[in-house]
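Dear colleague,

Please read them alongside the model.

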Amino acid sequence: MSENQVANKMIWTTNLRVVATVSVIFLHVASEILYQYGCIPDFIWWTGNIYDSVVRFCVPVFVMLTGVLMLSKTYELNDFLKKRFSRIILPFLFWSFVYALFSLNDKISGGSQMSFLESIKWLIHLLLNGTSYHLWYIYMIIGIYLFIPIISKWAQNATQKEILYFIFIWIFTLIINQPILSNFKINIDLMYFSGFIGYVVLGYYLSIKSFAYSKTTINLISLFLIFAGVSITIFGTYFLSKRNNDFVEYFYNYNTLNVLMSSVGVFLFFKNLEISNLKVIKIANFISKYSYGIYLVHVLVLTFMKNIKLDYDFINPIFAIPIATLICLLVSLLIVFAINKLPYGKYISG
C-alpha cells in the first residue's frame, strides 16, 4: 500500500471513528426512552425509537474499524501483547474500578449493609462481569484482540474470493439464527463463522475492495442501505413492541441483517466521503485521539447529567437528545484530556 493510500485510509477511518463515538453517546441518551413503552406519550417513544434506530450502526462500525486498522498489519506476538493489548487493558481496568466504586457507593447509600469482605467480593464480581452496562463491548473486543494476531495472517494471505467465502457464511449464520427461521436450522455447527468476528473481516474486506462504480453510485447504494436498514429497525421494533405490549429490542440486535445493512451503508459512505475543511479535520483528529477514553467515561458523565435532570426530556426530546449528547461528548472529552495530561495519565485515560 502506498503512502497516499495509507494517508487516505487514516483520514476516512478517523472521520468514521468520530461518527461512531458520537453515535454511541447519542444511542445511550435516547435508549432510556424505549424501555418506557406504554408508560410515556407515543410521540416521545417514537422520538427515542427513531433516534436510536438511526445510530445502531455505531458498535458494528467500531468493530469494522478494528478490522480495517489491524488485519492489514503483521504482528510479532510479544510486541502485540505488550503494546496493542495493553492500550486497551489498562484504561479498561482503571475505569472498571471507578465504575465499581460508584456502584458500591450507591449500594451502601441505598441502605445495604455489607461487611468489608462482602464489599470486596461484590467488587470482584462486578469486575469479572462488568461494572457498567456499556463495558460489555470491551469484554467482547478483548476476545477479538486475542484472535487478531492469528486472523491477520490469514487475511493478508487470503484472496478476496476466500475472504468473501468467510463473509457469505457469516451472513448465512445471521440469517439462520433469526427466530423466525428457527424451524429451518440445519444441524451444522457454524459457530466459528458467527458473532462480531464477521464485522472485523467485513471491515477489512470493504477497506481493500475497489468497486467498479462511480462515487455517485456508491453513495446512492450507501444511502439506500442506510435507509432500508434503519426503516426495518424503526418499524420492526414498533410492530413487535405493539404486538407484545412491551418494548421488544429484537431489531436492535447488532447481529441482525437490518443493522448490518445500515452499518455497511455508513461505512461505505464515509469511505467515499472527502472532507477538506481544515477546522473540521482538526476537530475530528482531536476527538478521534481520545475516542476510547470518551467511550469508557461517557456513561459516568450521563449518570451525573441525569442526576441534575439534564437528560432526554429536560426540553422536547427532539432537541434534548442531541443537546445532551453534545454536552456529554464535550465533558467526557475534557475529562479524558485532563487525565491524559497528568503524569502517567496516558496509560489509564484511554
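Phe 270 is buried, at a relative accessible area of 16%, where buried stands for under 20%, exposed for over 50% and partly exposed for what lies in between (1.4 Å probe, protein chains only). The model is predicted, so local features need pLDDT of at least 70 and side-chain atom pairs count only at pLDDT 80 or more, while totals for chains, interfaces and linings use all residues. Residues are numbered from 1 along each chain as its sequence is written, and side-chain values use heavy atoms, with hydrogens and water left out.

The structure holds 28 aromatic pairs, a pair being two rings of Phe, Tyr or Trp (its six-membered ring) with centres within 6.5 Å, called stacked if the planes are under 30 degrees apart, edge-to-face if over 60 and tilted otherwise. One of them joins Tyr 35 and Phe 247, whose ring centres lie 5.0 Å apart with planes at 80°, which makes the pair edge-to-face. This pair links distant parts of the chain, 212 residues apart, since Tyr 35 sits in the loop between α1 (3–34) and α2 (42–54) and Phe 247 in the loop between α9 (215–244) and α10 (257–271); helices here are DSSP runs (H or I, at least four residues), numbered from the N terminus. Tyr 35 is exposed at 55% relative accessible area, whereas Phe 247 is buried at 11%.

Phe 62, Trp 136, Tyr 137, Trp 170, Phe 196, Tyr 199, Tyr 254 and Tyr 295 form one aromatic cluster.

With regards

Definitions and conventions:
Helix = DSSP H or I, 4+ residues; strand = E, 2+ residues; numbered from the N terminus.
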